[in-house]
Amino acid sequence: MDEKAKLIIGDKTLELPVITGTENEKAVDITKLRSATEYITLDPGFGNTGSCKSSITFVDGEKGILHYRGIPVAQMAENSTFVETSYLLIHGELPTQKQLDKFSDSFTQHAMIHEDMKNFFYGYPSTGHPMGILSAMVCSLSAYYPELTNPEPSQEEFNKIAVMLLSKVRTICAFSYKKSVGDTFVNPRPDLKYIPNFLNMMFSSPSRNYTIDQDEVNALRVLLILHADHEQNCSTSTVRMVGSSRANLFASIAAGICALWGPLHGGANQEVIEMLQQIHKDGDNIQKYVNLAKEKDSSFRLMGFGHRVYKNFDPRAKIIKEKAHTLLNKKGIKDPLLDIAVKLEEIALKDPYFVERKLYPNVDFYSGIIYRAIGIPLNMFPVMFAIGRMPGWIAHWKEMLDDPATKIGRPRQIYTGPNRRDYVPIEQRKYSLHPTENSF
Ligand code: CMC
């Protein structure tokens, strides 16, 4: 028998259908709630609200499970490449060798950015945050490829835009880094794979020999795969929300990059390192910062700790911690920040405040240690997250577009402002000082 939920409001009883996912997750379908009762639901931060049905990624936060199209993320990190993972997320299945070769070849075809776009980089101050530049550049791609801005692209057009975004984003990121350090742009090379190509664009220069380090390539491969998708997180929901108005894929992804930038989301990886540096500067007094994070009146939080969904452990953080140790050992790097991070984790995991609230290290806690070891500058850490998240954003945008149940995203609200009142001519106004007046 179909399961139903019953909602009693006043003297009305409403039967609501229960939806069950393939992993037995349950939802009460409230799509008819307002038309039947004039009530809405209120759920700030959408912690209890499913915005769509999706077949891309499964997360079980209680058990620390993360699957891409059904495949455990640890298996992908162990065996796959970032390009193959992108194919899986976007197209739904692992590719055959022929499909993968074709997909990879198209990355080479689309790696360059339009010559005119290079001029943009000269317009930004070298202090400009690369996330702002990345978002603007991705949105600008729509101006260079107007033929690909159809709100409902054909499958062929979509395949082209998807590969363009995946491939060009690395070039844009590497160029913005080169500009920030006043170095010559290095073009993508057709003979190099995705990650070596990125590292070469970042770190080689006409005046300096650069050898690609396979341990770095491997660590980055794992990081990008682990960041590739995470169902309805803030930036992915933003991409879906913007796309629901039928904004093109370039514009939707540019909005997602801005959402990712925030310190509570992808910007946290930069904040973690800044926090560890601060602790180090302060004589490695870890307990002081743990205490500060627990203080109700302080706005300080342990960055890289806590997650809306994971309430046991973040499976990505476990793998990244191990990779950070491996890479640093192989390269013979002794990073005091890694020692601080490990001790901080130990202290926090024994502290009742963090235990009771189920706060564990998340994906951003150890990733910065790896980026540092590779030589990626601090303000580019969120950009690395954006490169990794690109296939997830693209897959969700397409799924949203193809789903007949998709409607323009338009939540409701509970209004708490003044009731109806009349306009008062300026000379008759006798308001008390408005709290925001001093800021005008
Ligand atoms: N340090 C100290 N206290 C914390 C932390 C933290 N990092 N995170 C949550 N809390 C406390 C919070 O103060 C609240 O306490 P109380 O119940 O006494 O008011 C309780 O734990 C629940 O927190 P919340 O803010 O209601 O939880 P949320 O699900 O809304 O927020 C979060 C999730 C990730 C935004 C939050 O844990 C946080 O700000 N963490 C630090 C930033 C961070 O690492 N972000 C990266 C997230 S993972 C990658 C990604 O998605 O980008």
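1. Domain assignment. In this predicted model, the domain assignment divides the protein into domain 1 (4–65), domain 2 (72–264 + 391–402) and domain 3 (268–374). The centres of domain 2 and domain 3, taken over C-alpha atoms, lie 27 Å apart. To the contact between them, domain 2 contributes 17 residues and domain 3 contributes 20 residues.

2. Area buried between domain 2 and domain 3. About 1,700 Å² is buried between these two domains, and carbon and sulfur atoms account for 68% of that area. On the domain 2 side, the residues that lose the most area to domain 3 are Leu223, Leu226 and His230. Together these residues make up 30% of what the domain 2 side buries.

3. Polar and charged pairs across the interface. The rule finds three salt bridges between domain 2 and domain 3. Across this interface there are also five residue pairs in polar contact, with both residues at pLDDT 80 or more. Two elements give two or more residues to the side of domain 2 that touches domain 3, namely helix 8 (194–203) and helix 9 (214–227). Helix 9 gives the most to that side, with nine residues.

4. Salt bridges of Lys331. Side chains of opposite charge can pair when their charged atoms come close. A search of the whole structure finds 19 salt bridges. In one of the salt bridges, the side chain of Lys331 meets that of Glu216, with an N to O distance of 2.5 Å. This pair links distant parts of the chain, as Lys331 lies in helix 14 (residues 315–331) and Glu216 in helix 9, 115 residues apart. Lys331 also forms a salt bridge with Asp213, where the closest N and O atoms are 3.3 Å apart.

5. Three strands form an open sheet in the order 1-2-3, and their pairing is antiparallel. Strand 1 (4–9) and strand 3 (26–28) stand at the edges and have a single partner strand each, so one side of each is left without a neighbour in the sheet. From one strand to the next, the twist averages 30°.

6. Strand 1 and strand 2 pair in the antiparallel sense over six bridges, and Lys4 stands opposite Pro17 in strand 2. The hairpin of strand 1 and strand 2 has two residues between the strands, and Gly10 takes a positive phi near 60° there. Strand 2 (residues 12–20) is joined to strand 3 by three bridges, again in the antiparallel sense. Val18 has Val28 of strand 3 as its bridge partner. Five residues lie between strand 2 and strand 3 in their hairpin, where Asn24 in the turn has a positive phi of about 70°.

7. The sheet of strands 4, 5 and 6. A further open sheet of three strands has the order 4-5-6, with antiparallel pairing. Strand 4 and strand 6 are the edge strands, each with a single partner strand, so one side of each is left without a neighbour in the sheet.

8. Strand 4 (residues 57–60) and strand 5 (residues 65–68) run antiparallel and are joined by four bridges. Within this pairing, Val59 stands opposite Leu66 in strand 5. The hairpin of strand 4 and strand 5 has four residues between the strands, and Gly64 in the turn has a positive phi of about 70°. Strand 5 and strand 6 (residues 71–72) pair in the antiparallel sense over two bridges, and the bridge partner of His67 in strand 6 is Pro72. In the hairpin of strand 5 and strand 6, two residues separate the strands, and Arg69 takes a positive phi near 50°.

Note on methods:
Residues are numbered from 1 along each chain as its sequence is written. Side-chain values use heavy atoms; hydrogens and water are left out. Two strands pair if DSSP finds at least two bridges between them. Axes are lines fitted to C-alpha atoms, for helices over the stretch in contact, and angles run from 0 to 180 degrees between N-to-C directions. Domain bounds come from an automatic or database domain assignment. Contact means heavy atoms within 4.5 Å. Buried area is the accessible area (1.4 Å probe) that two parts lose on being put together, summed over both. A salt bridge is a side-chain nitrogen of Lys or Arg within 4 Å of a carboxyl oxygen of Asp or Glu. A polar contact is a pair of N or O atoms within 3.5 Å; within protein, one must be able to donate a hydrogen and the other to accept it, and residues adjacent in sequence count only if both atoms are side-chain atoms.
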